[in-house]
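Subject: Handover of a structure

Hello,

Please find below the structure I said I would pass on, followed by my notes on it.

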Amino acid sequence: MITDFPIPQAVVAPELAWVGLALLLPLISAVLCVVCAAARLPGKLPAVFTVLALAASFVVVLRAYNAYSGPVQVPIFEWMSFAWGDGRFQQFTAPCALYIDSLTLFWMLFVTGLGTLIALYASEYMETEKGAGYARFFFGISIFLFAMSSLVMGDNLVMLYLGWEGVGLASYLLIGFDYQRPAAVAAAKKAFIMNRIGDLGLALGIFMLWANYGTLQYSQLFQAMNAGGQTVVDWDVSLIPFLLMLGAFGKSAQFPLFTWLPDAMEGPTPVSALIHAATMVTAGVFLIARMYPFFALHPEALATVAWIGGGTALLAATIGMAQYDIKRVFAYSTISQLGYMFLGLGVGTTYGACYHTFTHAFFKALLFLTAGAIMHGFAGQLDLRKLSGLRHIPGWRLVSWTMFIGCLWLAAFPYTAAFFSKDAILLKALTSARWDFVFLGWLGLFTAALTAYYTFRVWFRVCCGPVHFEPAADGHHGDASHDAHGHGSTHPAQGAHAVDHGFHPHAPKWAISTVLALLAIGTVAAGFPAYNEAFAHGSNWAQRMIAGSSAAAGAQPEEHAAESAAGETDHHAGHSTVLGMEAHTGLLVVGATASIGGILIAAYLHLLSRASADALRRALMGNWVTRWLPICMERKWFVDEIYHGLFRLPLWLGSQVLHFGDKHFLDGLLVDGIARVPIAAGKLFRPLYGGALQGYAVSMVAGVALVLAWMMWVWLRGFE
Amino acid sequence: MNAFPAHALASTALEGIGQAFAAASGAQLSLSLAISALLFVIGLVGFMVRRNMIIMFLCTELMFQGAALAMITFARMHMDVSGQVFVIFILTVAAAEAALALGLVVLLHRRRETLSAEVWSDLGEA
Amino acid sequence: MSLIWTSILMPVIGAGLVAVASPRLSKWISLLATLGSLAALTLFAFEFPAWNNGQHFPLEAGPAWLDAAGIRLSVGFDTVSLLLALLTAFLMPLCIIGSYTAITERVKEYYGWFLLLGASIILAFAARDAILFYVGYEFTLVPMTILIAVYGGTERRVAAIKMFLYTFLGSMFMLAAIIYVAWEHRLSSGAWTFDIDALTATAVRLPASTQYWLFASLMIGFAVKVPLFPLHTWLPLAHDQAPTAGSVILASAMLKLGTYGNYRFALPMAPAGGTEWMVVVAVLSIIAIIYASLICWVQTDAKKLIAYSSVAHLGLCMLGLFALNPLGAEGAVFYMVNHGLSTGALFLCIGMFYERYHTKDTDVLGGLAKKMPVWACFMVLFTLASIGLPGLNGFIGEFLCLGGTFIAEHDGQSGYPGVLGPRFAVIAGLGLIFAAMYLLILLGKIVWGPLREPHHDSAHDHAAVHTSLPTDLNAREILVLTPLAVACIWLGVQPQPMLKAIEPCATRMLAQYPDEVRRLKGREAQMASDAADETNLVQLPQQGEVH
Amino acid sequence: MDAIGPRLMLLTPEILLFGAAVVAAVLGLSRRHSIRAFLPIFTCLALVASLALMPITWTETRANEAQLMLPMLGAFMKPLLAAIGILLVLVSAGSVDRGFEAAVARGRTTFDPQRVVAGEFYAFFLFSLIGAMLLCSATDLIWIFLAVELVSLPTYIMVAVGGSSRRSGEAAIKYFFLGALSTAVFLYGFAMIYGSTGSLELQGIRTALAAQAAGSGIDAMALAGLILAVLGFCFKITAVPMHFYAPDVYEGAPTHVTAFLAFVPKVAGFVVLIVLLACVGWTGHSLVDGDGVRVPYAGLPTPLTAVLWMVAVLTMTLGNIGALLQRSVKRLLAYSSIAHSGYLVIGLLSGGAAGIEAISFYLLAYGVMTTASFAAIVALERRGEEINEINDLAGLRHRQPVMAWMLAISGASLVGMPPFLGFFGKVYLFVAAFEADQFALVVIAVLNSAVSALYYLRLATVPLVAPPSARSEEVQLVPSRWPWVAAVVCGIGTVILPGFLNTLVRSAEVTTAPAANTTVESPAADTSAASLSSAASERP
């Protein structure tokens with residue numbers, strides 16, 4: 001798989017140090033937020049600082065993008081570097097520096113762009129959290145942006161690791177933002193610990209890289225790779241991709257370590273939108289894209305990525321179908337889409353994966369923000385069964401139609417941006433030489449249909465049908481802050497039509513509406529690179545960005561992807577027909593049928609006759625053969641319970657035993673026991689001091705006699 | 001204690017000790033050395049066995065005399081007068097001890113009517 | 001030289017003055033004494049010439065204390081001992097300010113003994129003479145025992161006596177080993193001396209078998225103090241019963257005496273013997289990491305939890321030392337300093353809420369973020385520092401220690417082959433996950449979650465009332481925690497100067513180890529090949545191969 | 001004849017003390033209370049005067065002319081005995097005849113010379129000290145025998161009469177009889193030594209034994225004699241076979257006498273053992289192995305080393321583990337003194353210059369530490385009775401902080417905590433042990449020190465930390481301030497003296513300045529008869 005496609009060599013450019021501002025600005029706004037909290041300044045000052053800082057860093061990235069000519073390494077200051085010899089393996093350097101190449105810019109553009117929009121959205125969304133809480137929230141957001149930029153723009157893997165754990169910390173602080181609720185605190189702890197497991201894999205991968213290449217800086221690593229890479233691939237070198245993979249799956253919530261993402265929905269919705277949908281979860285994809293050449297170190301490495309990606313996509317889609325909480329559904333859809341991205345990376349199209357990340361970031365953020373608007377308006381109500389007919393309620397028209405756009409993109413409706421990005425992935429899979437990639441391709445298509453079904457299940461349930469809403473009775477998982485005014489005159493509504501005695505959902509104000517509009521436009525705009533390529537046969541901007549970086553190297557011979565952009569010439573790699581038709585048109589047809597089919601089924605079950613959906617569920621539950629399906633899907637395939645049983649319980653029991661052992665056995669028996677030995681010996685000799693004069697005399701004489709007897713015995717033995 | 005076959009013990013002890021010393025210091029004086037050793041051992045055993053404090057003191061005197069006799073024998077052997085000088089000092093010191101011992105015994109007798117040493121054992125660990 | 005002695009004698013004089021001063025005045029005298037000692041040390045650090053060459057300064061021997069045995073009062077620092085001494089001197093004033101309200105009766109004795117404790121720890125770090133080191137190392141026991149026995153919690157006397165006996169037994173073995181090496185030196189060079197460099201030079205030349213026992217007896221002494229796995233049972237009891245300031249100094253300075261002892265005595269003095277022990281001791285430290293982390297998980301008492309966590313953290317620090325390469329050694333020394341800062345700060349935070357609620361039980365108490373936000377910020381910062389979050393000081397030490405262990409087995413490309421390997425690093429890495437788990441559980445119970453306060457029965461009320469402390473931290477307490485927070489962040493962001501300073505010392509300590517390890521591996525390879533030869537001999541007779 | 005002059009000069013401090021003792025005996029009987037009260041001060045003055053005389057009289061040249069076995073041993077031991085003697089006088093100042101004097105002061109009884117013992121007590125005190133000092137200038141076995149008896153006889157009486165407690169009689173009787181037994185044993189040992197070497201002169205014995213060693217090895221009789229003598233003197237230093245009396249006698253005797261017993265006889269015992277073993281010599285012995293090849297080895301002859309090794313190990317161990325069970329503080333200190341004798345015997349075994357120096361220095365440290373702890377106990381009383389239970393000392397800190405700290409410091413120093421004097425004593429002993437390749441002994445000593453920490457820590461923490469109980473509330477200071485002064489002086493000594501290690505150790509090294517004429521055939525030997533008779537005549 002290794003191509004001799006050389007990774008472009010970075011040139012050291014200290015004059016570009018101003019790009020470091022993108023890193024520094026969020027840090028400054030974080031410090032300002034701390035000052036606001038300490039000085040208890042009223043108003044939305046923290047929000048202002050954060051939005052300005054993020055906007056400024058977005059401008060900096062834009063300028064950097066304009067001034068970008070080739071990969072650049074920008075040293076800022078020496079963080080960790082020492083050497084105990086002059087040999088290649090006798091120094092350990094991890095400077096605080098930036099490595100700017102097209103992949104970095106591609107990522108930073110949508111990270112900072114979305115960050116600014118969502119920060120603006122949050123300024124209104126969190127307004128009820130006046131005082132220290134408000135500042136604490138925006139402190140978390142700023143810290144997150146700082147960590148994400150250091151992760152993406154870092155010059156070496158230790159900077160990446162700094163960002164990696166930094167985003168973990170930010171997600172811990174923000175998920176647990178509403179610390180009064182134990183569920184939020186537990187979710188935050190779970191998120192951090194699962195990330196930590198992934199981080200361990202990443203750390204071990206970093207050590208192994210240093211052990212084998214002597215350096216952790218990308219430029220030197222890629223140089224080593226270009227110079228023929230590792231000649232002798234023994235066991236510890238080929239383990240590198242798997243370790244990096246473990247880190248990526250931990251952070252991007254893939255199969256083994258994904259249960260923390262749905263629980264992360266406990267956090268406020270802007271957090272879910274920014275961190276758990278758009279930016280942080282893509283860190284795994286970025287890592288594999290950045291270190292793509294190293295995934296050639298083991299033949300089966302990329303195949304594993306593909307399999308896990310495909311598997312997670314299907315698993316998450318099945319669970320997503322059976323959830324009733326809008327944010328949970330979108331969370332599982334995020335996991336499923338991430339599965340697609342890893343499938344893309346696995347089958348070899350880094351362009352497909354990265355572009356899908358790009359488009360997904362936009363429409364998933366849009367969906368989450370609309371869900372947030374609904375929660376904000378309906379006092380924390382997110383249950384599908386308790387909300388419907390949003391479209392007809394005055395003031396909510398914008399929210400429902402922006403949600404519609406989001407759902408269309410998520411369902412990969414033909415000729416939407418997501419369609420093209422998913423198409424690129426599935427095309428590569430279906431036309432690949434390996435049978436398992438083809439199978440994964442078809443699996444991906446089936447999952448696409450499921451995605452379309454559950455996306456529109458949500459839309460039809462919430463936005464269409466009779467107008468009916470019940471405020472969240474206990475604000476069980478919505479923002480506790482909202483239930484303050486939600487309690488008004490709540491009483492369980494009877495029948496389909498809600499009897500609203502004085503409870504009026506308040507429509508979103510200007511900030512949320514403008515952000516939703518902008519994001520909708522953004523989602524559509526995200527498709528332009530694909531439209532440009534598909535219709536106007538121009539160059540695909542995204543493709544150029546990915547091809548210019550290390551992500552491209554090591555993939556399948558790029559000429560296949562490049563020439564596909566230059567129209568239909570003979571495809572000589574793999575069999576290039578899908579279902580007998582030519583690759584592209586074939587996939588267009590199949591993709592369209594999958595997504596439209598899904599939408600139609602959803603329309604039938606959830607728009608036209610809702611009762612039939614419940615009837616279907618009852619039918620499935622009734623017959624014991626198919627009973628397991630709905631139960632498993634609703635209960636998330638019992639993954640959490642399995643983890644609890646497999647790891648948490650035995651460890652907890654083990655620690656109880658150890659604690660008991662430490663206190664009684666090690667401390668009580670051993671230590672105190674040894675301390676009692678001399679006392680026992682003392683008791684042994686006690687009778688000798690009975691007090692009788694002649695008793696002492698006898699002992700004394702016996703002592704002397706013993707010595708003399710020993711002397712005589714030695715003397716008699718000839719004293720040799 | 002007196003059921004002990006004293007004479008048998010004495011005879012066997014005599015030749016054993018005599019024989020031991022004979023090898024070391026010339027044949028003819030071995031007898032007196034043996035006697036001195038016997039004196040010492042009798043004093044020792046008497047000290048441990050007899051209850052009466054005065055008898056115990058006498059036994060210590062006996063031990064002293066045993067040592068003195070050995071000293072004289074060796075002086076004779078080495079034809080050196082300093083041994084005998086030593087004995088004179090042993091006698092003086094023994095006399096001093098006697099005075100002291102009887103003083104103590106009288107002091108204790110006044111406190112408790114008995115002369116037996118067993119009475120005095122309430123010090124010591126239970 | 002005189003600056004060092006001022007930094008040692010200043011607290012002693014302070015203790016003397018405190019004994020005669022009035023209780024109210026004694027607070028200020030002790031504060032001035034500790035600040036004076038810190039000032040003297042920082043002044044010395046500024047003009048310390050040997051920052052980057054790993055040498056000792058000043059080199060000349062001090063005045064003779066006991067000529068017959070060649071004991072001299074020679075003091076001198078190398079960067080490692082200077083950093084640890086600075087850490088102690090830095091924490092002393094903070095502890096004293098921290099315990100203004102904590103200690104209400106027998107105040108004078110408290111400060112007096114506390115100053116003596118600080119003085120003897122600095123003396124131990126400064127000593128260039130083995131017996132002087134032993135005097136400083138051993139005398140710390142007396143004030144610590146009194147601080148725990150008089151000012152401690154409920155069953156304080158048992159904890160104090162156990163600590164004293166445990167450490168005393170261990171250090172007696174160490175004393176015997178030191179005197180044995182001094183005697184070997186006398187045999188070879190004719191004169192008694194206890195100068196550490198001279199002893200190390202002699203010890204290195206000893207035959208491997210003697211070094212084997214030498215390393216063992218030195219190790220026993222320091223393993224009790226570190227505390228390494230089987231010998232750690234005294235630490236949780238001592239921490240649980242010690243007053244806040246006592247816990248801080250016990251955790252941050254006294255445990256470092258154990259690791260510093262390893263760095264200064266055990267490893268350099270017995271390289272040949274040491275390499276055989278390396279795997280055994282590394283396994284012990286790994287067990288310490290996992291064992292202590294698991295026990296932390298089920299602890300309900302905050303202080304005991306932090307005590308077990310320092311057993312785990314120092315297990316990792318020792319692992320770094322036993323990796324036998326500059327990366328590991330560097331990380332271990334860096335870890336020593338940072339563990340002192342972050343764990344000391346954690347104990348101070350726990351002390352602060354103990355003063356307000358008089359309970360350390362996390363079942364009864366919780367959700368303090370609501371009532372004490374400023375305290376919560378500090379608590380979160382220090383917990384994250386000790387979890388090892390990048391950007392804070394814990395990370396660098398942890399990362400380097402793990403890295404050092406990981407690359408230890410590599411066939412010496414880094415010029416320092418070691419006996420450990422990736423297997424050790426992976427298991428130690430699990431310890432990091434557990435570290436995150438139990439510390440976050442602690443945070444989840446105490447800081448986050450709904451506010452749970454111990455029910456205020458009458459007994460409690462009068463206790464809570466009379467502490468004039470406001471609900472959240474007052475200026476004094478913030479003054480105590482801010483320098484620590486700044487230090488944690490500064491060392492996390494800018495570790496470079498300290499790493500550069502430690503590096504020459506680490507390499508100098510490990511000078512003997514590369515060829516010792518190669519010899520050990522050579523022997524193992526030889527044994528392996530012998531085993532292989534026997535099997536060959538069985539099959540086909542070798543042509544006259546002479547073994 | 002010429003040897004008498006220098007020897008006489010060496011004895012001037014003893015002669016002065018002897019005079020003082022006689023005067024003290026007489027003063028004790030005077031009717032006027034002021035004179036009787038002056039007695040302890042008079043004794044101290046006498047001791048101070050003798051202390052002043054010592055450096056003048058005991059010079060290097062004079063010691064050599066006197067052909068002593070270890071010429072400069074006295075230069076260190078005599079001042080040590082005198083100095084600690086002064087402190088011991090202070091300790092006993094208030095408590096001799098306390099009951100009777102108080103009655104006379106209150107006028108209940110008129111003064112009756114029959115019932116007062118202060119005079120005799122101080123006289124015997126000085127006699128015993130004189131005995132110990134004389135030992136340092138011993139030149140022959142007779143001198144040693146007489147000096148040892150002069151040490152022990154007065155102590156029997158001091159135990160009997162010193163205080164008011166009725167158990168002192170029992171202690172005295174035990175001490176007397178077992179003392180007499182041990183005296184008999186070492187006398188018989190002396191006889192056998194004389195028999196084998198043919199001379200009572202230490203120099204003579206030394207040359208004879210050296211000749212035997214060079215020949216076919218020291219003969220059995222001499223070895224048996226030496227071993228009997230060593231075992232006999234084990235009584236004096238409370239070493240294993242002969243240590244059984246110590247706990248009872250220390251507990252029974254009044255505490256100020258116990259303080260005396262814990263130090264002076266022990267110093268005397270070790271001086272004698274050093275001198276005797278010096279006759280045998282720690283070098284020059286060799287072993288004829290299987291095929292007749294003479295293999296020289298260092299240290300004492302193997303049987304003697306083995307005996308001393310067993311004595312050292314058993315004494316340390318039995319002393320330490322015995323002390324763990326004690327509830328009485330005096331018995332605990334008794335066992336602790338047994339244990340310390342065990343450590344000191346290591347010095348005997350190591351022998352040579354290092355061993356003797358280590359013993360001398362350790363005796364100094366031991367003297368200061370033990371006197372500090374005994375002084376603190378004497379300074380306290382409960383309802384007029386002396387303190388015996390450790391629990392009576394609970395919470396002493398609240399009422400008598402100084403005494404509590406003195407007990408703690410002496411306890412810490414006895415354990416061997418570094419900054420205090422005891423630690424350097426132990427270090428010096430370990431150094432000596434290593435010199436003689438006695439690694440096993442060092443390890444055993446290390447273990448024993450750790451075990452000793454168990455009960456010394458109790459001695460230190462009970463007064464400081466334990467909560468006061470009903471019984472311990474009644475503990476207060478004795479009317480006389482002198483024991484309190486002695487305790488403070490010794491306590492400060494253990495803390496301050498480590499600062500003057502060099503001066504102290506250098507003085508200890510003096511003990512082994514090479515005896516100028518050990519090898520040269522001393523002129524005095526041939527006229528032994530004449531010199532002997534003259535020496536004997538002028539002795540009192």
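In which helix does Arg506(D) lie? Arg506(D) is in α23 of chain D, residues 501-510. Helices here are DSSP runs of H or I with at least four residues, strands are DSSP runs of E with at least two, and both are numbered from the N terminus.

Before the rest, some conventions. Residues are numbered from 1 along each chain as its sequence is written, and chains are lettered from A and ligands numbered from 1 in the order in which they are written. This is a predicted model, in which local features need pLDDT of at least 70, side-chain atom pairs count only at pLDDT 80 or more, and totals for chains, interfaces and linings use all residues.

Confidence

The model scores ipTM 0.83 and pTM 0.86. For pLDDT (the predictor's confidence in each residue, from 0 to 100), chain D averages 85, with 93% of the residues scoring at least 70. Within chain D, confidence is lowest in helix α24 (residues 523-526), at a mean of 35, and highest in helix α15 (residues 329-350), at 93. Residues 516-540 of chain D have a pLDDT below 50, and beyond near neighbours in sequence this stretch has 26 contacts in the model. Two residues are in contact if their C-beta atoms, placed from the backbone, lie within 7 Å.

Chain A averages a pLDDT of 80, and 89% of the residues score at least 70. In chain A the pLDDT is below 50 over residues 474-502, a stretch with 53 contacts beyond near neighbours in sequence. The pLDDT is also below 50 over residues 555-574 of chain A, where 24 such contacts are found. Where pLDDT is low, the predicted coordinates should not be read in detail.

Chain D

Chain D has 25 helices and 5 strands. A compact globule of 540 residues would have a radius of gyration near 24 Å, and the 23 Å of chain D agrees with this. That radius is taken over C-alpha atoms, and the globule rule is 2.2 Å times the number of residues to the power 0.38. The C-alpha trace of chain D spans about 75 × 50 × 40 Å along its principal axes.

Of the 540 residues in chain D, 67% are buried. A residue counts as buried if 20 or more other C-beta atoms lie within 10 Å of its own, exposed if 12 or fewer, and partly exposed in between, with C-beta atoms placed from the backbone. Arg506(D) is partly exposed, because 15 other C-beta atoms lie within 10 Å. Arg506(D) and Ile84(D) are 422 residues apart in sequence and 19 Å apart in space, C-alpha to C-alpha. Among contacts in chain D with a separation of 6 or more, 80% are between residues 24 or more positions apart.

Chain B

Chain B has 4 helices and 0 strands, in the pattern α-α-α-α along the sequence. Buried residues are 33% of its 126. For contacts in chain B with a separation of 6 or more, residues 24 or more positions apart account for 45%. Helix α3 of chain B (residues 53-78) has 26 residues and reaches 38 Å from its first C-alpha to its last, close to the 38 Å expected at 1.5 Å a residue; the expected span is 1.5 Å times one less than the number of residues. Just after α3(B), Met79(B) takes a positive phi of about 50°.

The sheet in chain A

In chain A, 3 strands form an open sheet with mixed pairing, in the order β1-β2-β3. Two strands pair if DSSP finds at least two bridges between them. β1 (11-12) and β3 (91-100) of chain A stand at the edges with a single partner strand each, so one side of each has no neighbour in the sheet. Strand β2 (residues 72-83) of chain A runs antiparallel to β3(A), joined by 9 bridges. One of the bridge partners is Ile100(A) in β3(A), which pairs with Val72(A).

Contacts between chains

Of the 5 pairs of chains in contact, chains A and C share the most contacts. There, 46 residues of chain A are in contact with 46 residues of chain C. On the chain A side, α6 (182-213) supplies the largest share, 13 residues. Chains B and C do not touch, and their nearest C-alpha atoms are 26 Å apart.

Regards
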